[in-house]
Amino acid sequence: MRTWEKLRPYSMVAPAIIVFSLFFIYPIFYMIYLSLFDWNFVSPTKTFVGIQNFKDLLTDPDFRQVLTNTSIYTLLTVTLTTGLALLLALWLNRKSFFHGFVQGAIFSPHIISLVSISLLWSWLMDPEYGLLNWVIGLAGFGKLDWLSHPSTSLVSLVIVAVWKGLGYNTLVFIAGLQSIPPDIYEAASLDRSKPWTTFSKLILPMLSPSIFFLVIINMIGSFQVFETIAIMTQGGPVNSTNTLVYYIYEYGFRFFKIGYASAAGVILLVIVGILTIIYFKLLSNRVHYR
Amino acid sequence: MVKKLTAVTAVAMLMTGVLSACGASGTNTNDAADANANAGTNAGANTDNTTAGADAKPADADASKKIVIKYWYAFGDKIEEAKLHMVDTFNKSQDKIEVVAEHQGNYDDLHAKVQAAFAAGDAPAVTDLEISSTGVFAHSGMLEELTTYAERDKEQLKLDDFNPGLMGNAYVDGKLYGLPFMRSTPILYKNVTMLKDAGLDPAGPKTWDELEEYSRVLKGKGKVGMTVPADIWYYEGLVAQSGGHMLSEDGKSAAFNSPEGVAPVEFWKKLSSEGLIKIPMGDEAGPTADKDWANQLSAFKFGSTAGVTGSLEIAKGNGFEMDTAFMPSNVSYGVPTGGCQLVITSKSSDEEKEAAWEFLKWMTSKENTIYQHKHVGYLPTRISAVESDELKAHFAEFPQFKVAVDQLEFARPRPMENAYPEVAKIIKEAIEKAILDPKVSPQDSLNEAAEKANKLLSK
């Protein structure tokens, strides 16, 4: 009886632990193991190459560009999505049919499959036959190249990501805004607080858990962007939209270099890990939890 | 509470029992095997309940001992129609082998899935394989060597009946690994009506210079001569037309940064900077070229022979006359071949390999190569097919089909080095960079690419 009491919690968490180890912990270690080999995934022989894959990666100018692309994409996506969502949430945080409708409309992309969204936007952004260029043409401006020129391709992908993520982010902010007790506002207005002061000294701190949560989620999501790139650009033109996860996929499954791809995977793991730690350390001190 | 739970469990168990009984009485020998096979990989691909895994064994003793093999193929539309039709006819033609055909996207998707399935021990017995990937697949030990099979059945197979221009990619290190199936070359598609309207001779352009002249005239009429993506396959053609090679003889170093390899990029850069041709970039570049041609914005396009039937229909629908021609020459004519061959994977059982071999022979027979040529436009792979009365009559009626066959005289195999897919990507980026950026010279851009390629090829 005594032993069962002791064992019970462990047996309760065992299923979760087993699944977690099998599908998360084991693959991570296997990936680290593979990153030390030159292997094509099917050949019976694996050649141990030590840290050669990492050396190759870090000296490859294309990989450096991939890291830069990923960082720019992440920075733009996270700031734009969170910023716009906050503005929209402030506007939509009231009860009327119209506001409800707008909120539903901007949320709808969130429930559509990213693959469909990518196909849809490929058509919209087609330089010759796309709707966007037609509209721009009507307004009297010249055509944009969108995805087909290195100078605009990455930004085009950011637009898609922002469009897709905006609704969800807004929803989280609205939930955050509505959980702020109304008496604080009353107190503020009694003290004749100006709107900007109310926003910066009251709303922002009260919203900080939501902001913190969204920045982390968006950042990790952006670092792992894959579907839009696989469908809309395949990393091109001239490597301008190649990002880490697509690069990993390309080397693993197009060029059959699993060791090299795993090494890139390890780098992704390290980057995301470091970012998460920094954010928790830095921001958690400033986040106001009630 | 406990009682209630038990009752629910009992009902659930009962239900499961009834359901599985239903399944069994359905007497599809594959059902049991299906569950095993699906547990492996490719859940998306294997939703079909007729799927049988590599370890499929007939569960019912009374069922006839039919061998079930999987065949994975690429592409949809007319190509898929032709493939499914041939598989269906094969299944009906005999009662020993059942081939289950499964669509897997384009060549890249197909290759990635075959590789993953092979690693998981669940590879299809037979698959399409894009020709330039034969090397990497054979070197990895994924392919069954076909030399002994071909030797044994040489009477029936008639290996020397295949067009020699198509066999270059069937051998790796002197060993036979595939049979030519849906093979192609790029050809020039022309909008004859547009050329006539512009006062140009619809028999041309036969050379790069003529292509430039034609495009200049067409530009005057508000069109572009050609919309062409910076595609590695077309580039291989233009290099061949200039008398150059992509890689050195031994495949250990790059040769595309020679003057013959730079000439095509110079040519493209010059024409596109003057607005004579349009070079779209990005993932939609290929479809854009097709659309421009179909909508009569451009007079020419390069395309695979696989598009002849489709293009004829488009031309008819949009009310213009079309013709096909050799890709224009620089110092000579020249084209790469393309398309896929059929291969057998090496981890299947002997029984399955024999069945797969029967299937391969069927799919590449004279009758079937004639059929797929007429239905889609891919090359007739056998000489006896080209010389048959049926195709002679077909060529007389639709001369557009014959061009690719004649052009085979100038065809060369594609490079098959392990690193070539990666090298191809590097070349494509170098070409795009040289065309987009006025400050980058084609020579410098290709030199840089060659340097990267040499590192990969010398391994």
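Student: How many bridges join β8(B) to β9(B), and do the two strands run parallel or antiparallel?

Tutor: In general, strands of a sheet pair through backbone hydrogen bonds, in either a parallel or an antiparallel sense. In this predicted model, β8(B) and β9(B) are joined by two bridges and run parallel.

Student: Which strand of chain B pairs with strand β8 (residues 224-227) in the parallel sense over two bridges, besides β9(B)?

Tutor: That is strand β10 (residues 298-304) of chain B. Here B:Val224 has B:Ser298 of β10(B) as its bridge partner.

Student: What is the strand order of the open sheet that contains these strands?

Tutor: The order is β9-β8-β10-β7-β11 in chain B, five strands with mixed pairing. Its edge strands are β9 (277-278) and β11 (322-325) of chain B, each of which pairs on one side only.

Student: Which strands form the open sheet that includes β13 of chain B?

Tutor: Five strands of chain B form that open sheet, in the order β2-β1-β3-β13-β6, and the pairing is mixed. At its edges lie β2 (97-103) and β6 (179-184) of chain B, each pairing on one side only. On average, neighbouring strands in this sheet are turned by 25° against each other, direction ignored. For one pair in detail, β6(B) runs antiparallel to strand β13 (residues 338-344) of chain B, with five bridges between them. B:Met182 stands opposite B:Cys340 in β13(B).

Student: Which helix packs on that sheet?

Tutor: Helix α14 (residues 350-363) of chain B does. This helix touches β1 (67-73), β2, β3 (126-130), β6 and β13 of chain B, and its direction makes about 55° with that of β1(B).

Student: At what angle do helices α11 and α20 of chain B pack?

Tutor: Two packed helices are described by the angle between their axes and the distance between the axes. For helix α11 (residues 259-273) and helix α20 (residues 442-457) of chain B, the angle is about 135° and the axes are 9 Å apart. That value makes α11(B) oblique to α20(B), and the crossing is right-handed. On the α11(B) side the contact is made by B:Gly261, B:Val262, B:Val265, B:Glu266 and B:Lys269. The α20(B) side contributes B:Pro442, B:Gln443 and B:Leu446. By class, this contact has four nonpolar, two polar and two charged residues.

Student: How many residues of chain A are in contact with chain B?

Tutor: The size of an interface is often given as the accessible area lost when the parts come together. For this pair of chains we use residue counts instead: 25 residues of chain A are in contact with 23 residues of chain B. In chain A, α7 (150-178) and α11 (244-254) each supply at least two residues of the side that touches chain B. That side has 12 nonpolar, 10 polar and three charged residues.

Student: Which residues of chain A does UniProt list for "transmembrane region"?

Tutor: The unreviewed entry lists several ranges, among them residues 12-33 and 72-92 of chain A. The model can be set beside the record. Over residues 12-33 chain A is 100% helix and 0% strand, with the end C-alpha atoms 31 Å apart. Over residues 72-92 chain A is also 100% helix and 0% strand, with its end C-alpha atoms 29 Å apart.

Student: Which residues of chain A does the annotation "domain: ABC transmembrane type-1" cover?

Tutor: According to the unreviewed UniProt entry, it covers residues 67-279 of chain A. Over that range the chain is 78% helix and 0% strand, and the end C-alpha atoms are 20 Å apart.

Key
Residues are numbered from 1 along each chain as its sequence is written. Chains are lettered from A and ligands numbered from 1 in the order in which they are written. This is a predicted model: local features need pLDDT of at least 70, side-chain atom pairs count only at pLDDT 80 or more; totals for chains, interfaces and linings use all residues. Axes are lines fitted to C-alpha atoms, for helices over the stretch in contact, and angles run from 0 to 180 degrees between N-to-C directions. Helices (H or I, at least four residues) and strands (E, at least two) are DSSP runs, numbered from the N terminus. Angles under 35 degrees count as roughly parallel, over 145 as roughly antiparallel, 65 to 115 as roughly perpendicular and the rest as oblique. A crossing is left-handed if the near helix is turned anticlockwise from the far one by less than a right angle, and right-handed if clockwise. Two residues are in contact if their C-beta atoms, placed from the backbone, lie within 7 Å. Ala, Val, Leu, Ile, Met, Phe, Trp, Tyr, Cys and Pro count as nonpolar, Asp, Glu, Lys and Arg as charged, and the others, Gly among them, as polar. UniProt positions are given in the numbering used here, feature names are shortened, and annotations may be inferred rather than shown by experiment. Two strands pair if DSSP finds at least two bridges between them.
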